[in-house]
Amino acid sequence: MKNKKINFVDVLKRFFLQSWSSAIVASILLVVVFSVTTDSFLSSYNLFNLSRTATLYAFIAGAQLMVAVIGGMNLAVGAVGALSSVILGILLQDMGMNTILAVFITVCVGLLCGVINGILVVKLKLSGFIITLAMSFIFDGLAVGISHGYPYTLPENLTSLGRAHVGKTSALFILMIIFVLILAVFFSRMRFGRNILATGGNEAAAALSGIKVDMVKIICNALSCGLASLAAILWASRTGTAVSSTGSDWMLYSFAVCAIGGISLNGGNFTGVGFFCGAWILTMIRNGLTMMKVDIYYEQAFLGAIILIAVSVESVRTRLIAKMK
């Protein structure tokens, strides 16, 4: 048999045809830049913090992802996180409930919030933007009204999770890997996951093929808010307290990870590699800018610019693919 020569130009073309290619390149560049420009970027302490924060961003973005794949959006991600945090605090501190049971009930509250969002979107035939914006005020108002802004102290068996190490990384990072793998299998191998992508790709065609698009929308909204609740629990395990201010900046993070990871906000696609890299890129940018002593008051401007660049790069890449076909 003749040995076939590897054409590196073809390999590069195939690589950049993938929606996650830009996220891979950006991740490598950021590691190189921050490693050279800072002294402790790759230190054990910083790697632990990076892995822990990336995990939280992944679950926050997962909440947005579940509606982004059907071409929707959930502006109530942070508000559900706030309400879930307060519910968790009440169950654990005020009622002295078992931690596992409290976590289960908190996630159920999130799922219920999502079901309400989904039903309103389906029955009122309004944009998810309008519905979730209105519901975000309701959920936030409930969180602040119930707690009056006071923090809740959490038991050690929950907070220890956020502080646990696995080698140089956080124990939470293991959860992130499992979570991304589950998403990858769900959307690529499971029938309902493929139905979700079909709905996001072309809702009318999905309905004609027998997919119950209204039920898909309700379930996706439920899963979105359920993941927001889970993110709030992990966030609380890291900080050690449950407060109503949780989730105040989650909306930006949730969209940023998806956009940076090459996941179209118009729906119809998912890439596990891109999603994973998106969470890491956002984490490294925030961490690296802090280490480089960039004025923290300009951080939001930098993040906004990064999101714009990521979306622009993906748009250019998509056009190039269309021309090559």
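**Helix contacts and aromatic pairs**

Modeller: This is a predicted model. Start with a helix contact: Tyr57, Ile60, Ala61, Gln64 and Leu65 in H3 meet Trp250, Tyr253, Ser254, Phe255, Val257 and Cys258 in H12.

Biologist: What is the make-up of the contact of H3 with H12, by nonpolar, polar and charged residues?

Modeller: Nine of its residues are nonpolar, two are polar and none is charged.

Biologist: How do the axes of H3 and H12 cross?

Modeller: The axes of H3 (residues 44–68) and H12 (residues 250–260) come within 8 Å and cross at roughly 80 degrees.

Biologist: Why is H3 called roughly perpendicular to H12?

Modeller: Angles of 65 to 115 degrees count as roughly perpendicular. The crossing is roughly 80 degrees, so H3 is roughly perpendicular to H12.

Biologist: How many aromatic pairs does the structure hold?

Modeller: It holds 11. One of them joins Tyr57 and Tyr253, with 4.8 Å centre to centre and 50 degrees between the planes.

Biologist: What makes the pair of Tyr57 and Tyr253 tilted?

Modeller: Planes under 30 degrees apart count as stacked, and over 60 as edge-to-face; the rest are tilted. At 50 degrees, Tyr57 and Tyr253 are therefore tilted. This pair links distant parts of the chain: Tyr57 lies in H3 and Tyr253 in H12, 196 residues apart.

Biologist: How do you know whether Tyr57 is buried or exposed?

Modeller: Buried means under 20% relative accessible area. Tyr57 has 3% relative accessibility, so Tyr57 counts as buried. Tyr253 is also at 3%, so Tyr253 counts as buried.

Biologist: What makes the pair of Phe173 and Trp280 edge-to-face?

Modeller: The planes are 85 degrees apart, and over 60 counts as edge-to-face. The centres are 5.7 Å apart. Phe173 sits in H8 (residues 171–189) and Trp280 in H13 (residues 272–291), 107 residues apart.

Biologist: Why is Phe173 called buried?

Modeller: Its relative accessible area is 12%, and the cut-off is under 20%. Trp280, at 16%, is buried too.

Biologist: Which residues form one aromatic cluster?

Modeller: Phe59, Phe179, Phe186, Phe187, Phe192, Phe270 and Phe275.

Biologist: How do you know that the span of H13 agrees with its 20 residues?

Modeller: At 1.5 Å a residue, H13 should span 28 Å. Its end C-alpha atoms are 29 Å apart, which agrees.

Biologist: What makes H13 mostly covered?

Modeller: 15 of its 20 residues are buried. H13 is followed by Lys293, whose phi is positive, near 60 degrees.

Definitions and conventions
Residues are numbered from 1 along each chain as its sequence is written. This is a predicted model: local features need pLDDT of at least 70, side-chain atom pairs count only at pLDDT 80 or more; totals for chains, interfaces and linings use all residues. Side-chain values use heavy atoms; hydrogens and water are left out. Axes are lines fitted to C-alpha atoms, for helices over the stretch in contact, and angles run from 0 to 180 degrees between N-to-C directions. Helices (H or I, at least four residues) and strands (E, at least two) are DSSP runs, numbered from the N terminus. Angles under 35 degrees count as roughly parallel, over 145 as roughly antiparallel, 65 to 115 as roughly perpendicular and the rest as oblique. Contact means heavy atoms within 4.5 Å. Ala, Val, Leu, Ile, Met, Phe, Trp, Tyr, Cys and Pro count as nonpolar, Asp, Glu, Lys and Arg as charged, and the others, Gly among them, as polar. Rings of Phe, Tyr and Trp (its six-membered ring) pair if their centres lie within 6.5 Å; planes under 30 degrees apart count as stacked, over 60 as edge-to-face and the rest as tilted. Buried means under 20% relative accessible area, exposed over 50%, partly exposed in between (1.4 Å probe, protein chains only). The expected span of a helix is 1.5 Å times one less than its number of residues.
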